[in-house]
Amino acid sequence: MNILLTGGLGFIGSHTAVVLAEQGYQVVLVDNLCNSEIETHANLELITGKEMPFHELDIRHTTALVRILKEYQVDAVIHFAGLKSVAESSTEPLKYYDNNVGGTISLLEAMKACDIYHFIFSSSATVYGVPQYLPYDEDHPLVPMNTYGKTKLQAEEILQDVARSDSRWSIAALRYFNPAGAHESGLIGELPKGVPNNLMPYVCQVASGKLPYLNIFGDDYDTKDGTGERDYIHVMDLAEGHVAALRFIEKNIGFYPINLGTGISCSVYELINAFEKSANCTIVKKVQSRRSGDLPIYFACADKAKDLLAWHAKRDLQSMCDSSWKFQANLAKNL
Ligand code: NAD
Ligand code: UFG
């Protein structure tokens, strides 16, 4: 089977490319490199020992997408390409709607023109908003609190309408919780441009000396130790979840929103403690006031993924910290 990955050189796309290639799928990558590096392509071919065609392309360029879908006789698309900064989405909403919603429409149009109806979408736990109960299951109300989350929800709504309009469509919207970790080789990992927004890449850069200290955004929440709690999921588990979803949509038509999380809630301090063991260091930290828009705690109900996809996360927090640190240390060596 030939699979097109949009945003294939990004954090989650690159790890999914490895697992797909290892399982015998032919992988084609497109990415406009707005948040990734071309070197990742060579590393993917190094890890897998396989050729992986790559095209530098913006997914809003529908006619170019059609050419690629035809050239490689693509059977299914996994759509990772998107912008993901919650903060930037509130200052640049048009950029986010254009890229995340407009980009998805362009891709669906190109697929339809080529009679391709198998689609996996990178959605996010952020579509749920303030928890009315926990863990979030897929029936939880969808009230995102920020523009980024709204773009993901709008894309999901479009996908649901598209699936209703034509019974050939088979679509999974995978709602990721907090991806972390890296491939065991240390060759690919999370490579944000600029100062990281997310906890794990920030901790990595403090450990390597690139940043002076970690801001703890609030230690006065009503949580196990006062810091925010999240459901961190190893990016390799997430990657395997996509392969399971691909197998599922090969056999089932319709639209399926599915959480990909562990069901385990972990605090900022717990993550730092685990990381300090991995990197054998002490993370310098400063407690700050709460970050605007942050929720105290949320985590996944992972039952639907288990039932429909026969998938569950296998790797633990220590393995996320070990692999993240291995990738960061490799980066520092190569500077
Ligand atoms: P990432 O930024 O590392 O990867 C996204 C890739 O898409 C980048 O390589 C970027 O260059 C590319 N891209 C963006 N817009 C594009 C466009 N118009 N055309 C072509 N390429 C484009 O992000 P990631 O962490 O790998 O996330 C992948 C997807 O998962 C995103 O859609 C993101 O919103 C979603 N998601 C991520 C997280 C997370 O915390 N990492 C959580 C939930 C959902
Ligand atoms: N945190 C810090 N210091 C930092 C960064 C984060 O204390 O420098 C804390 C946050 O306050 C929060 C926790 O660490 O309690 C996790 O924060 P992240 O920024 O790593 O992740 P978020 O849960 O805020 O959001 C992430 C992605 C979203 C995605 C969501 C899905 O940024 O795009 O996970 O669950 F939608």
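This is a predicted model: local features need pLDDT of at least 70, side-chain atom pairs count only at pLDDT 80 or more; totals for chains, interfaces and linings use all residues.
Backbone atoms of Gly-10, Phe-11 and Ile-12 can be followed one after another beside ligand 1. For Gly-10, a backbone N or O atom lies 3.4 Å from an oxygen atom of the ligand. A polar backbone atom of Phe-11 is 2.9 Å from an oxygen atom of ligand 1, and for Ile-12 the distance from a backbone N or O atom to an oxygen atom of the ligand is 2.8 Å. On its own, ligand 1 has 820 Å² of accessible area, and the protein covers 96% of this.

Polar contacts to ligand 2 involve both side chains and backbone. From the side chain of Asn-178, a polar atom lies 2.9 Å from an oxygen atom of ligand 2. The side chain of Arg-291 has an N or O atom 2.8 Å from an oxygen atom of this ligand. Phe-217 takes part through its backbone, where an N or O atom lies 3.0 Å from an oxygen atom of ligand 2. Of the 690 Å² of accessible area that ligand 2 has on its own, the protein covers 91%.

Rolling a probe the size of a water molecule over the atoms shows where empty space is left. The second largest pocket has a volume of about 370 Å³. It is lined by 22 residues, of which Leu-191, Gln-205, Lys-210, Gln-328 and Leu-331 are the closest to its centre. Helix 7 and helix 11 (317-333) each supply at least two residues of this lining, and helix 11 provides the largest share, five residues. The lining of the second largest pocket divides into 11 nonpolar, seven polar and four charged residues.

Next come the charged pairs. Side chains of opposite charge can pair when their charged atoms come close. With a cut-off of 4 Å between a side-chain nitrogen of Lys or Arg and a carboxyl oxygen of Asp or Glu, the count comes to 14 salt bridges. One of them joins the side chains of Arg-60 and Asp-98, at 2.9 Å from N to O. This pair links distant parts of the chain, 38 residues apart. Arg-60 is in the loop between strand 3 (54-56) and helix 3 (62-71), whereas Asp-98 is in helix 5 (residues 93-113).

Two backbone features remain. Most residues other than glycine have a negative phi, and most peptide bonds are trans. Asp-115 is not a glycine, yet its phi is positive, at about 60°. Asp-115 is found in the loop between helix 5 and strand 5. The bond that joins Leu-134 and Pro-135 is a cis peptide bond, with omega of about -5°. Pro-135 lies in the loop between strand 5 and helix 6.

Technical notes. Residues are numbered from 1 along each chain as its sequence is written. Chains are lettered from A and ligands numbered from 1 in the order in which they are written. Side-chain values use heavy atoms; hydrogens and water are left out. A polar contact is a pair of N or O atoms within 3.5 Å; within protein, one must be able to donate a hydrogen and the other to accept it, and residues adjacent in sequence count only if both atoms are side-chain atoms. Accessible areas come from the Shrake-Rupley method with a 1.4 Å probe; for residues, only the protein chains shown count as cover. On a 1 Å grid over the protein atoms alone, a cavity is a set of points where a 1.4 Å probe fits but cannot get out, and a pocket is an open set with protein on both sides within 12 Å along at least five of seven lines; lining residues have an atom within 4 Å of a point. Grid points are joined across faces, edges and corners, and a volume is the space filled by probe spheres set on the points. Helices (H or I, at least four residues) and strands (E, at least two) are DSSP runs, numbered from the N terminus. Ala, Val, Leu, Ile, Met, Phe, Trp, Tyr, Cys and Pro count as nonpolar, Asp, Glu, Lys and Arg as charged, and the others, Gly among them, as polar.
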